[in-house]
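Reader: I would like to go through this model label by label. Please set each value against its cut-off.

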Amino acid sequence: MTFISVAEELTKKSFTAVENKFITKYLPELDPVAVKVYLYGLYICQNNLKSYTQTDFANALNITEEQLLYFFKYLEEYELVIIINQSPLEVKILDCGNVYGTPKKYKPEKFADFTKSVQSIIKSRMISTNEYMEYFYLLEEYNFDKDALLMIITYCVSLKGDDIRAAYIKKVAKSFAAEGITTAKKVEDKLSAYTNSTPSLINLFNAVGINRSPDVNDEKFYKKWTKELGFEDASIIFAAKQFKTKTIEKIDNALAELYKYKKFDVKEIEDYCKNKNSVLNSTVEIAKALGVYMQNPAPYIENFVNIWCNYGFEFSTLKAIANYCFLHNKGSFVDMDEFIKRLYDEGIVNFDGVNEYISALNERDNLIKSILSSCGLTRKIINWDIESLNKWKSWGFSNEMILEASKISAGKSNPMAYVNGVLSTWKKDGILSLSQLEEKSIKEPTYSSSKAIIDKSTIESHYADLRHKAEEKGEKIFERAMSDEVYGKLHKEINSLTIKLAFAEIRDAKSAEEIKKKIGNLTKKANMRLKELKINKLDFEPKYRCPICNDTGYDKDGKQCVCLKEFVSKFNNQ
């Protein structure tokens, strides 16, 4: 009777067939993990598991995809499999009756001196045949000089001690090979350069509490920080402490962040870290001042506030600018950014300078409101008003003279255009002050020809007023819709998501799709609410008086519109 038998229940189960030759010939020779890979590959093939991926395979055996590829190459050496393609990975399992009749192995006698040297370096344990096979593989496949690989093994043992595993040695050796460092001379030069940076790395590790010796990978990071990014040792240590980093990778992330914002010196890094929380709090305050709902401050900090701070604006100054922007219908970070860039281009950065600039703008706006009021107009200020005022100032007129002209223009069909005509006539007659006006006893100029009144600026002003009236009507309808609590909330949510979508489309396509769906659902609800309020969303858009030119005076071909000709004719006959 044999010492092993099969239970009856087992005979009723499904099985994966394995050639006896694999068990008798290959099993005693192969690395244990390679056996797992081979058997699991048979299982997948024989059970027709076509949906299995390379990742699934590696996860099932609790190894990495890189290790999976390594063991397939290992099996390929024994002619048990053939790798058809590495990316994506495609492997064919062969029968065990390989061409040579015996497993393909490296000849130990070829590496006799090498094996003695390795064993003399790793003294605390006996090196297995399989481990030697892996070193032979490095020599053959990566074209290492024997002395070069021995130097790498010696270096690794000096770092990790005699109980070092082969996996670490292979990792280091492959990193050398990736840089083309496979000769003894190149390895010596590499290790010499590393030795020069070792004291700095040891100081860094001691300072932040990393309890291990530096290795070659750490040296790569150090070279990047000092050579590519330009950090000095003191700044690296200080940054690591400030960011409370305990790994080389987190130190790298911290320095990348500092490099992005051009913080290199210890003092700069200290100020940056102190201000980090202040930046967050200030961003929240700016958003409140602008009337912006902010679910996640990070994109606003990165794309706006940090940049403004780098320009030299202080938080108190930014808060003042945000208040101004809100009061002047620039209630978004994008609008505020445009205003700040204008200030920066003009060299206005500090608090006093910004205050003076804003005060000047407020004075200008108050003057324009007075002019509009004198003309009998109650509308909002438009860009054309600002441009007209700047033009009149450039002609040499004082505020008093401009207001006088606006009083004369009250009740006219297009008062702002009439102000332009009055001032242009006074300019022509050399009347630039109230005293000159009183001397001439001129209350209102008479116009003998259309040339004095109908100039380009008069026409542009007329059409600007027409467009503004059309746009103002749409704005009032929109304001009525926004005054509804339900629609107003939905509209704000849609705007907030639209901002998030702009960032998501750059960074995360999947997240962007989810945001688009949310916007679509909210838009449907908003449209339904407008129907309940009996508001047509199309009425948000301006309804221009002239459908041919949209109140510009010129058709799509750039020719004078019929309405422009009628306006000129009517104006000449006033």
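Reader: How far apart are Lys267 and Asp271 in helix 13?
Author: They are four residues apart, which means a separation of about one helical turn. Helix 13 covers residues 266-290. Helices here are DSSP runs of H or I with at least four residues, strands are runs of E with at least two, and both are numbered from the N terminus. The model is a predicted one: local features need pLDDT of at least 70, side-chain atom pairs count only at pLDDT 80 or more, and totals for chains, interfaces and linings use all residues. Residue numbers start from 1 along each chain as its sequence is written, and side-chain values use heavy atoms, with hydrogens and water left out.

Reader: What makes the contact of Lys267 and Asp271 a salt bridge?
Author: The N to O distance of their side chains is 2.9 Å. The rule asks for a side-chain nitrogen of Lys or Arg within 4 Å of a carboxyl oxygen of Asp or Glu. So the pair qualifies.

Reader: Why are Lys267 and Asp271 called partly exposed?
Author: Lys267 has a relative accessible area of 47%, and Asp271 has 29%. Buried means under 20%, exposed means over 50%, and partly exposed is in between, with a 1.4 Å probe and protein chains only. Both values fall in between, so both residues are partly exposed.

Reader: How many salt bridges does a search of the whole structure find?
Author: It finds 18. One of them joins Asp539 and Lys543, at 3.4 Å from N to O. Asp539 is partly exposed at 28%, and Lys543 is partly exposed at 47%. Another joins the side chains of Glu131 and Arg125, at 2.8 Å.

Reader: Are Glu131 and Arg125 buried or exposed?
Author: Both are buried.

Reader: Which residues are linked in a network of salt bridges?
Author: Glu179, Lys190, Glu219 and Lys220.

Reader: Which residues form the negative surface patch?
Author: Glu232, Asp233, Asp265 and Glu268. Asp and Glu count as negative, Lys and Arg as positive; His and the chain ends are not counted. Patch residues need over 30% relative accessible area and no salt bridge, with like charges joined within 9 Å and nonpolar side chains (Val, Leu, Ile, Met, Phe, Trp, Tyr) within 5 Å. A charge is placed at NZ of Lys, CZ of Arg, CG of Asp or CD of Glu.

Reader: What relative accessible area does Glu268 have?
Author: The value is 35%, so Glu268 is partly exposed. Glu268 belongs to helix 13. Its C-alpha atom lies 9.5 Å from that of Ser235, 33 residues away along the chain.

Reader: Which residues form the nonpolar patch?
Author: Ile82, Ile84 and Leu94 form it on the surface, with about 230 Å² of accessible area together. Areas come from the Shrake-Rupley method with a 1.4 Å probe, and for residues only the protein chains shown count as cover. Ile84 sits in strand 1. Its relative accessible area is 47%, so Ile84 is partly exposed.

Reader: How do you know that strand 1 and strand 2 pair?
Author: DSSP must find at least two bridges between two strands. Five bridges join strand 1 (residues 81-86) to strand 2 (residues 89-93), so they pair. The two run antiparallel. Val81 has Ile93 as its bridge partner, and Gln86 stands opposite Leu89.

Reader: How many residues lie between the strands of this hairpin?
Author: Two.

Reader: What about the phi of Lys534?
Author: Phi of Lys534 is near 60°, also a positive value in a residue other than glycine. Lys534 is in the loop between helix 24 (509-532) and helix 25 (562-572).

Reader: Why are Lys244 and Lys534 called exposed?
Author: Lys244 has 71% relative accessible area, and Lys534 has 77%. Both values are over 50%, so both residues count as exposed.
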